[in-house]
Amino acid sequence: MSNPPRTAISSLGEFGLIDRIASSVNLQNTSSLKGIGDDAAVIDAGDEVILLSTDMMVEGIHFDLAYMPLQHLGYKSVAINVSDIAAMNGKPEQIIVAIGISNRFSVEAIDALFEGIRAACADFKVDLVGGDTTASASGLILNISILGRTKKGNEVYRSGARDKDVICVTGDLGAAYIGLQVLQREKEVYLANPDMQPELDKHEYVVGRQLKPKARMDIVHELAELGVKPTSMIDISDGLASELFHISKNSGVGIRIFEDKIPIDESAFNTAVEFKLDPFTCALNGGEDYELLFTIRQEDVEKLKKHHDIQFIGYISPDPKEKVLVMKSGNVVPLKAQGWVHF
Ligand code: ADP
Ligand code: MG
């Protein structure tokens, strides 16, 4: 008797696995306007669309409680969901929170987690309207689902980028990843010598970017006020390069970005150097920045030119095979997307 086939998940990777799931799914309801493949699903609701998304955080994979306080974990898990609604150009309204907890956690620990969740709900003006609670054999699992909405036609997909559109990013990139390196180093130092005080003060910005990311709803509101509707948009959870690959694939276009335009915070840059990391690689592949990456038409450039927190980093080209980074030296190199490797 032959053994049934067994294919390692690592042979597909996270995105290959999602593609495989997506290819086996058929949408049956005409109200399901967009299924798998964007930052949120899009559901017909008359004059509006409902945006629906979910994100799971697993202890030991997405966070380590040795350096992630539970309040921050609660806040971050809401913020990363809000970020997916922002990436669709929508307004977040409700969340549902499902938790799996082992008996290692106390009531006070769960209070702390929900304190962070409540703080994020207040900041992003969303309501916690339900959830689920279960025991877990393997640490803490936190799954948040979010519902947002916008006027029909106002939603922005990963698929709308067109030749000559200008590529924009908000804020600065790489700091969350660099902050993670700081936290991991401090944990090692602490484990080696528990009397050592963590040296976090001088790395406050990067550590804050890792522990307390902000979803960029401010940008969504400002773009609306300025009368700019991006042609495509995605939030930066896996790293700039990886998200650019999604825009390229979904829009069927090429990408040309410029190394010297990539925004990197000065303290993040210095910390990267201290850790013997290349700051540009951190910005391109670090992930967890939860900034917005979007494209705009050339005629909208003027409206965003003076915006202090939006940077033009390149433009869209017609050939989807061309995904390049123009180096400061003028050399043109292929863009590589590492993203996060979980499997
Ligand atoms: P994001 O980084 O924006 O949260 P992901 O990379 O997690 O997006 O997911 C990409 C797309 O794949 C989304 O549309 C998401 O809903 C879908 N997806 C991810 N995992 C699954 C799954 N297990 N089943 C169905 N759809 C999934
Ligand atoms: Mg996303």
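These are my notes on a predicted model, taken element by element.

**Entry 1: the metal site**

I started with the magnesium ion (ligand 2). Which residues coordinate the magnesium ion? I found D39, D84 and D235, each through an OD atom, at 2.0 to 2.1 Å. I then wrote down the spacing of these donors along the chain, which is D-x44-D-x150-D. D39 and D84 come from distant parts of the chain, 45 residues apart. D39 sits in the loop between β1 (32-34) and β2 (41-45). D84 belongs to helix α2 (residues 70-86). Are D39 and D84 buried or exposed? Both are buried.

**Entry 2: strand β8**

I followed D235 next. D235 is on one side of β8, together with M233. β8 pairs with β10 in the antiparallel sense, over 4 bridges. Which residue stands opposite D235 in β10? It is L292.

**Entry 3: the sheet that holds β8**

I traced the open sheet of 7 strands. Its order is β8-β10-β7-β11-β9-β12-β13, and the pairing is mixed. Why is one side of β8 and one side of β13 left without a neighbour in the sheet? β8 (232-235) and β13 (332-334) stand at the edges and have a single partner strand each, so one side of each lacks a neighbour there. From one strand to the next, the twist averages 25°.

β13 pairs with strand β12 (residues 323-326) over 3 bridges, in the antiparallel sense. In this pair V326 is opposite V332 of β13.

Then I looked for helices on the sheet. Helix α6 (residues 217-225) packs on it and touches β7 (166-170), β10 and β11 (310-317). The direction of α6 makes about 20° with that of β10. Helix α2 lies across β8 and β10 (292-296). Relative to β8, α2 runs at about 175°.

**Entry 4: helix α2 and helix α3**

I stayed with α2, the helix that carries D84. How far apart are the axes of α2 and α3? They are 6 Å apart, and the two helices pack at an angle of about 40°. The crossing of α2 and α3 is right-handed. I listed some of the residues that meet here. From α2 they include L70, L73, Y75, V78 and V82. From α3 they include A109, L113, I117, A120 and F124.

**Entry 5: strands β4, β5 and β6**

I looked up the partners of strand β4 (residues 91-101). With strand β6 (residues 141-151), β4 pairs in the antiparallel sense over 9 bridges. P92 has G148 of β6 as its bridge partner. With strand β5 (residues 127-135), β4 runs parallel, and 8 bridges join the two. A98 has D132 of β5 as its bridge partner. How does the chain get from β4 to β5? The chain crosses through helix α3 (residues 107-124), and this β-α-β crossover is right-handed.

**Entry 6: helix α5**

I asked which residues of helix α5 (residues 204-211) are buried. They are V206, V207, R209, Q210 and L211. These buried residues pack against α2, α4 (175-192) and α8 (266-274).

**Entry 7: three loop residues**

I36 lies in the loop between β1 and β2. Its relative accessibility is 47%, so I logged I36 as partly exposed. Beyond its neighbours within four places in sequence, I36 is in contact with I18, I21, A22 and V25. The C-alpha atoms of I36 and D19 are 8.7 Å apart, and the two residues are separated by 17 residues along the chain.

K125 is in the loop between α3 and β5. Its phi is near 55°, a positive value in a residue other than glycine. K125 is exposed, with a relative accessible area of 67%.

K276 is in the loop between α8 and α9 (279-285). It is not a glycine, yet its phi is positive, at about 60°. Why does K276 count as exposed? Its relative accessibility is 76%, and the cut-off for exposed is over 50%.

Technical notes: Residues numbered from 1 in each chain as written. Chains lettered and ligands numbered in written order. Predicted model: local features only at pLDDT ≥ 70, side-chain atom pairs only at ≥ 80, totals over all residues. Heavy atoms only, no water. Donors = N, O, S within 2.8 Å, 3.2 Å for Na, K, Ca; no water. Buried < 20%, exposed > 50% of the residue type's maximum accessible area, 1.4 Å probe, protein only. Pairing = 2+ DSSP bridges. Right-handed = clockwise from strand over helix to strand, strands pointing away. Contact = heavy atoms within 4.5 Å. Axes fitted to C-alpha atoms, helices over the stretch in contact; angles between N-to-C directions. Left-handed = near helix turned anticlockwise from the far one by under 90°.
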